[in-house]
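Student: Could we go through this model together, taking its overall form before its side chains?

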Amino acid sequence: MTFTTIIIIVIAVGSVIAGILLIKQSARKFELSDEQQNKVETRKAEQVKKDKAQE
């Protein structure tokens, strides 16, 4: 293998790893903390109560 081929392979592997890390980081942004999840559940329960009261 030539030096140029090795450099191209290293760059390609680095790009794949960077892409994987970026995807993982983006996915973490959409995860809710326990506190946030509790707020969502509380609001859902309140909305169910309001809906039943309107019926």
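The questions and answers below go from overall form to single residues.

Tutor: This is a predicted model, in which local features need pLDDT of at least 70 and side-chain atom pairs count only at pLDDT 80 or more, while totals for chains, interfaces and linings use all residues. Residues are numbered from 1 along each chain as its sequence is written, and side-chain values use heavy atoms, with hydrogens and water left out.

Student: How many helices and how many strands are there in the protein?
Tutor: Helices (H or I, at least four residues) and strands (E, at least two) are DSSP runs, numbered from the N terminus. Helix 1 covers residues 3-29, and helix 2 covers residues 34-54. The count for the protein is two helices and zero strands.

Student: What radius of gyration does the protein have?
Tutor: The radius is taken over C-alpha atoms, and the globule rule is 2.2 Å times the number of residues to the power 0.38. Along the principal axes, the C-alpha atoms fill a box of roughly 75 × 20 × 10 Å. A compact globule of 55 residues would come near 10 Å, but the protein has 24 Å.

Student: How far apart in space are Gly19 and Thr5?
Tutor: In sequence Gly19 and Thr5 are 14 residues apart, and from C-alpha to C-alpha the distance is 21 Å.

Student: How many salt bridges does a search of the whole structure find?
Tutor: Side chains of opposite charge can pair when their charged atoms come close. A salt bridge is a side-chain nitrogen of Lys or Arg within 4 Å of a carboxyl oxygen of Asp or Glu. One joins Lys39 and Glu35 at 3.8 Å, N to O, and another joins Lys44 and Glu41, with the closest N and O atoms 4.0 Å apart. The number found in the whole structure is two.

Student: Which helix holds both Lys44 and Glu41?
Tutor: Lys44 is partly exposed at 48%, and Glu41 is partly exposed at 39%. The two residues are three apart, about one turn of the helix, and both lie in helix 2.

Student: By how many helical turns are Lys39 and Glu35 separated?
Tutor: Lys39 is partly exposed at 44% relative accessibility, while Glu35 is exposed at 53%. Because Lys39 and Glu35 are four residues apart in helix 2, their separation is about one helical turn.

Note on methods:
Buried < 20%, exposed > 50% of the residue type's maximum accessible area, 1.4 Å probe, protein only.
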